[in-house]
Amino acid sequence: MQTRVLTGITTTGTPHLGNYVGAIRPAILASQRADVDAFYFMADYHALIKSDDPARIERSRLEIAATWLAGGLDPQRVTFYRQSDIPEIPELTWFLTCVTSKGLLNRAHAYKAAIDKNVEAGEDADAGVTAGLYMYPVLMAADILAFNANKVPVGRDQIQHIEMARDIAQRFNHIYGGDFFVLPEVVIEEQVATLPGLDGRKMSKSYDNTIPLFAGGAKHLRETIMRIVTDSRLPGEAKDPDSSSLFTIFRAFASEAETDAFRKALEDGIGWGEAKQVLYERIEADVAPMRERYDELIAKPQVIEEILQDGARKARATAAPLIATLRDAIGLRSGAALVQSGNQAKPAQKQGKLPRLVSFRDGDGSFRFRLFSADGEELLLSRSFADPKSAGVTQKRLKSLGAAAAVWQVRQGGMALEVDGEHIGDTPEYGDEPARDEALARLREALDQLAAQE
Ligand code: TRP
């Protein structure tokens, strides 16, 4: 069973060593695992929110595509594409926009930061804030949900966006009464190194302290490494590896044995100039073969273009059937079949207000479901099931159970449900006993409503 892993790369900059170590390299490694079905794409619609410089966007798209391919991404194995080549994404963005509450978007960190900055400066709160910035999280949700991704590896600053994608997915599933979307899980790679930049702060374009990955070639790489700030200890004086950026960067490229040797050299008093040369040579050993492929690719943009168009075809083959299902569900069914067969349209079934069971795939690959009340309140979260069949059997049992046959165990703030002596799931935590009793009443009602339907 494969996990679908999806991530986007905003195409505004030129990749640096920090991007390589922190995002590109781990993503390429993950894509080589047999249990991973990777979708990696260039978020060039998102780039428009940050930059209105066409040349920069175009250049960055090309450089980023070439970088990932040069880094070893296998486009046969991974679905690698540009967001703007997938018309299903903006289409889904609109469907999601119509179920997303404005209040949710008001709470987005990036939007709030822009507003706060304006207010602080005594400007109109919305000065210079585009609707694109405001809608950023919905577009991102569409990126993820169009492919029903299970896992989304991102930096910490993106966690809220994944949470919003889950909220939006859940709301859509609830309103239209189906398991249309898998709820995506955020993945934060804890063990991946964050590289320090030239000045010792986190390497970042916004601090202007980056070491380029390919740009400028080996010569420029060496020159930039020589500019890394060190303390003023002289050759012969012992250096402290653990407070040295040189050492941190070295370690991100080297084996354990090489790292130990470099540590010892620093402690033995190697001069900073010489240490920088060692660092440069270690990085260059990894980067040189990639740079060669990169230069070849950049010189042949048509090769990159073909790869990306192929990727777009693969991506659309996944997204298009889902969008067709969504269209049916929301009342935008295609009329083509009607015209062909001359059939009458079946009137859409009125969505009665009833409790619902919603299945989803958990982050660990197991299967679960939730019980929602008629007004959409979450009443119960099932335990994990190893396969969809056993989750389905339990759901069926629950549907015909009725309140009288349910056994509740009180646990801390919540309750556990047992059926035929088996633990089925748990309620959310409730603040106090009266709240829990009320929840129990709603649960009984929901179970009876379900049973009455069967
Ligand atoms: N917003 C992400 C970033 O700036 C890029 C991105 C766009 C993305 N769409 C995505 C990441 C979907 C993961 C999934 O890093």
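Q: Where is N148 found?
A: In this predicted model, N148 is found in the loop between α7 (131-145) and β4 (151-153).

Q: And what is its phi? I mean N148.
A: N148 has a positive phi of about 45°, although it is not a glycine.

Q: What about D420: which loop is that in?
A: D420 is in the loop between β10 (414-419) and β11 (422-426). Its phi is also a positive value, near 50°, and D420 is a residue other than glycine.

Q: Is D420 buried or exposed?
A: D420 counts as exposed, because its relative accessibility is 63% and the cut-off for exposed is over 50%.

Q: Let us step back. How many helices and strands are in the protein chain?
A: The secondary structure of the protein chain comes to 16 helices and eleven strands. The C-alpha trace spans about 85 × 60 × 55 Å along its principal axes.

Q: What percentage of the residues count as buried?
A: Of the 454 residues in the protein chain, 45% count as buried.

Q: And what share of the contacts join residues at least 24 apart?
A: The share is 69%, taken among contacts in the protein chain between residues at least 6 apart in sequence.

Q: Back to the strands. In what order do the six strands of the open sheet come?
A: The order is β6-β7-β8-β11-β10-β9, and the pairing is antiparallel.

Q: Which strands stand at the edges?
A: β6 (356-361) and β9 (407-411) stand at the edges. Each has a single partner strand, so one side of each is left without a neighbour in the sheet. From one strand to the next, the twist averages 30°.

Q: How many bridges pair β7 and β8?
A: β7 and β8 pair over three bridges, in the antiparallel sense. Within this pair, F372 stands opposite E378 in β8.

Q: What lies between those two, β7 and β8?
A: β7 and β8 form a hairpin with five residues between them. In the turn, G376 has a positive phi of about 90°.

Q: How many bridges join β8 to β11?
A: Two bridges join strand β8 (residues 378-382) to β11, and the two strands run antiparallel. L381 stands opposite D426 in β11, and S382 stands opposite G425 in β11.

Q: Which strands does helix α15 lie across?
A: Helix α15 (residues 388-401) lies across β6, β7 (367-372), β8, β10 and β11. The helix runs at about 20° to β7.

Q: Now R442. Which helix is that in, and what is R442 in contact with?
A: R442 lies in helix α16 (residues 433-453). Leaving aside neighbours within four places in sequence, R442 is in contact with E377 and L379.

Q: How many residues apart in sequence are R442 and E377?
A: They are 65 residues apart in sequence, while their C-alpha atoms are 9.6 Å apart in space.

Q: Why does R442 count as partly exposed?
A: R442 counts as partly exposed because its relative accessibility is 27%, which falls between the cut-offs of 20% and 50%.

Q: Changing topic: at what angle do α10 and α12 cross?
A: The axes of helix α10 (residues 245-253) and helix α12 (residues 272-299) cross at roughly 25° and come within 10 Å. The two helices are therefore roughly parallel to each other, since angles under 35 degrees count as such. α10 passes α12 in a left-handed crossing.

Q: Which residues meet there, in α10 and α12?
A: From α10, L246, I249, F250 and F253 meet W272, A275, K276, V278, L279, R282, I283 and D286 in α12. By class, this contact has nine nonpolar, no polar and three charged residues.

Q: And helix α4: how many of its residues are buried?
A: Helix α4 (residues 88-97) is mostly covered, with seven of its ten residues buried. The buried residues are E88, I89, L92, T93, F95, L96 and T97.

Q: What covers the buried residues of α4?
A: The cover includes α7, α8 (159-176) and α13 (301-330).

Q: Does T12 count as buried or exposed?
A: T12 counts as buried, because its relative accessibility is 11% and buried means under 20%.

Key:
Residues are numbered from 1 along each chain as its sequence is written. This is a predicted model: local features need pLDDT of at least 70, side-chain atom pairs count only at pLDDT 80 or more; totals for chains, interfaces and linings use all residues. Side-chain values use heavy atoms; hydrogens and water are left out. Buried means under 20% relative accessible area, exposed over 50%, partly exposed in between (1.4 Å probe, protein chains only). Helices (H or I, at least four residues) and strands (E, at least two) are DSSP runs, numbered from the N terminus. Axes are lines fitted to C-alpha atoms, for helices over the stretch in contact, and angles run from 0 to 180 degrees between N-to-C directions. Angles under 35 degrees count as roughly parallel, over 145 as roughly antiparallel, 65 to 115 as roughly perpendicular and the rest as oblique. A crossing is left-handed if the near helix is turned anticlockwise from the far one by less than a right angle, and right-handed if clockwise. Contact means heavy atoms within 4.5 Å. Ala, Val, Leu, Ile, Met, Phe, Trp, Tyr, Cys and Pro count as nonpolar, Asp, Glu, Lys and Arg as charged, and the others, Gly among them, as polar. Two strands pair if DSSP finds at least two bridges between them.
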